[in-house]
Amino acid sequence: MADTATTRPTATGPTGLDIQGWTCPAPLRDSPRVVLGHGGGGVLSAELVQHVFAPAYGGPALAELGDAARLSLGGVRLAFSTDSYVVRPLFFPGGSIGDLAVNGTVNDLAMSGARPAYLSCGFILEEGVETEVVGLVAQALGAAARAAGVEVATGDTKVVERGHGDGIYINTAGIGLIPDGVDLRPQRAAPGDVVIVSGDIGVHGIAVMSVREGLEFGVEIQSDCAPLHGLVQAMLAVAPDLHVLRDPTRGGLAAALNEIAAAAGVGVVLTERSVPVPEAVANACGFLGLDPMYVANEGKLVAFVPRADADAVLAAMRAHPLGAGAAIIGECVEAHPGMVVARTGLGGTRVVDLPLGELLPRIC
Amino acid sequence: MCLAVPGRVMQIEERDGTRMAQVDFGGVIKDVCLEYVPDLKVGEYAVVHVGFALQRLDEESARRTLELFAELGTLQEEFGDPWALAADPDGMARHGSEEER
Amino acid sequence: MKYIDEFQDPGLAGKLLDGIRAAVTRPWALMEVCGGQTHSIIRHGLDQLLPEEIELIHGPGCPVCVTPLETIDKALEIASRPGVIFCSFGDMLRVPGTDRDLFRVKSEGGDVRVVYSPLDALALARQNPDREVVFFGIGFETTAPPNAMTVYQARKLGISNFSMLVSHVRVPQAIEALMQSPSCRVQAFLAAGHVCSVMGTAEYPELAERYRVPIVVTGFEPLDILQGVHRAVLQLERGEHRVENAYPRAVRPEGNPQAQAMLRDVFEVVDRPWRGIGVIPDSGWRLSERYREQDAEYRFSVEGIRTVEPAECRSGEVLQGLLKPHDCPAFGTLCTPRNPLGATMVSSEGACAAYYLYRRIDGPGAVKEATPVG
């Protein structure tokens, strides 16, 4: 709590932010500057939201911390979401920042069960970036929007000085209508639910990493970037009362499952061998010392399905092109609330923790 | 301490007077320096650590190791310790062969 | 043969476990030296599957954990200098120095880059002739030959803007120091497989004899580790103390002669402080005089480093196998991977981090509650 006799200077500025007044003894006090890990989708990111942003401007909708906000406006149920795309390199096997900018936000809306309708698109360009490159990204973005059946209705462009951007940053926000009877949010996960993933995991992260400086390796992995609202509709058609949908992007499957477990106060038990990981992804991860559970996905979803509906939902997913590799990977339990536990191939168990921050290759 | 992964040599070339190879780690292809295992041939496997091949992986030895695991229990009763039979005190011997690699 | 899946086969693992259970008649304490082995054990839950009589003590085989605090602080100082591109393996990025880590240096404007191989750092030096590129050369005998070759090439190709900050450590001397410690409970060693791929097994018979401990050269996949345990237990039950190679597909008794020749040229033996343990004589390598020009310690004279370790950190005891991570009062509370007090909590190689990362819900070190986010 704030100490009026403190000798530490308080930050000045319009918010009058008092560092001494954190609502919990968060370790952020010893991190006076933002580090890369704060964008990693794990513990550090969550801290930034919970201790800096939410207290400053959060309301009830933000507090739900779902992929998209579920809002009621004039009697209409809307999903509303925003995401920023800062991926480097801009172009990678299977896609580009343009594809991500559309599909990422479309998917956030889809995870609420919404039919995505309109997007906004803000570009932040670094001075000196080639106009041709901007054109290619814009074309990719347009193509992705058409493929997803959404319209980019409004946008903005800014330019920052050379040296202050990775070439191109994009922010998109999207809205869509949530059909009646659909109530998808992390808090609804319940013991007995079956956990289903829509296909191979770890694909996007490895595809991107495979062309990054210093980590180049030739691998036939194409990003799985894709819009998932069609798959979601197919699932809702057979089981309107699905409990939770989440697309495991930053932080991978591990982050998504931990967040859901924490939000609902349930435990999750996974069978490690059931989690589908393509061989090349497994090998690339082994090579770098990474765990596929923490690697980003851009065209996959994880679902918490009431047990009675599991078979029907699985069948519906497998019948859809984007769910052909769907698999049951675990279940929701009452035990160890908030924790995700995996049964290893050899019969042991291990806790699958929330990832810390940036995913780093290791030699050890 | 030693995250070293097995990889298969696909292609060998000289670069700046250094013996380098394209090595396949089950779909992941990476450049690897072969200076420490100069007689490694295309098609062979090596243990690779931070971009360097450190030792050839002996396929015959690997197979035999797996066979020994599978026979554990059965061989032990009949013939005594199968591993001790297969290994000398330094830990390196061939079944029925005198050649030391 | 792919050399990975085959050595994770659950059926064969079951047979090895049966073999171990059949052989063991009394409690034994084994130490696996290498952090990679610790990682594999915890990740696959092997210590949960072994009979209760077998205790696995996790050794100091994590170069990240044992790199001296002073060296880390020097690295941080150099990385902070303008004009320097500081390259490191990913493992080192979050190792805490006295008051910060490389991640923090990066956030403050230092050019810190993660590389997979030291050769990537050398390539960076060629691509950036107007910058000073420094590579953080840590590791055991496995990583020493790659680092040596890189320095050798830098000199041979005349890449003058490249230097290496070297802090290598050697395993046999560490084993000796552990055995000489009066509180040491280790009765057998699982030696580090890839270290032996390089160095061979020649340094071990003398240790096995002098301290009467079985030393079994062991690999990293679950079957390899179970095999190492099995061979060690058989020796212990029979009162033997030999050196055995349980990883023959990757280890020959003579090791790798080319790599050893390069090590003799590029490095020289030196006394080395091990973080949390103390100075172990002859346990380190630094660049030899011939390669002084490529030595970052000489190129960047770093003065006035005052190193301070947090008082609560008991990494040293963990590294010596005297304390299990979950028995440390700071474990999971003051000290977490998010906020590590000591190096053993930083990389997933370190015992504390391995226990935390892969912590289980029953068995040794069980936790019952989820760690609250934030």
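Of the 101 residues of chain B, 52% count as buried, where buried means under 20% relative accessible area, exposed means over 50%, and partly exposed lies in between (1.4 Å probe, protein chains only). Chain B holds 3 helices and 5 strands, and its elements run β-β-β-β-β-α-α-α from the N terminus on. Helices (H or I, at least four residues) and strands (E, at least two) are DSSP runs, numbered from the N terminus. The model is predicted, so that local features need pLDDT of at least 70 and side-chain atom pairs count only at pLDDT 80 or more, while totals for chains, interfaces and linings use all residues. Residues are numbered from 1 along each chain as its sequence is written, chains are lettered from A in the order in which they are written, and side-chain values use heavy atoms, with hydrogens and water left out.

A salt bridge is a side-chain nitrogen of Lys or Arg within 4 Å of a carboxyl oxygen of Asp or Glu. By this rule the count over all chains is 37. In chain C, the side chains of C:K324 and C:E55 form a salt bridge at 2.9 Å, N to O. C:K324 lies in the loop between α15 (315–319) and α16 (351–357) and C:E55 in strand β2 (residues 54–61), so the pair ties together parts that are 269 residues apart in sequence. C:K324 is buried at a relative accessible area of 19%, whereas C:E55 is partly exposed at 24%.

A further salt bridge joins C:E206 and C:R210 at 2.2 Å, N to O. Because these residues are 4 apart in helix α11 (residues 205–211) of chain C, about one helical turn separates C:E206 from C:R210. C:E206 is exposed, with 52% relative accessibility, and C:R210 is partly exposed, with 42%.

In chain A, helix α6 (residues 229–238) packs against helix α9 (residues 310–318) at an angle of about 150°, their axes being 9 Å apart. Axes are lines fitted to C-alpha atoms, for helices over the stretch in contact, and angles run from 0 to 180 degrees between N-to-C directions. Angles under 35 degrees count as roughly parallel, over 145 as roughly antiparallel, 65 to 115 as roughly perpendicular and the rest as oblique; α6(A) and α9(A) are therefore roughly antiparallel to each other.
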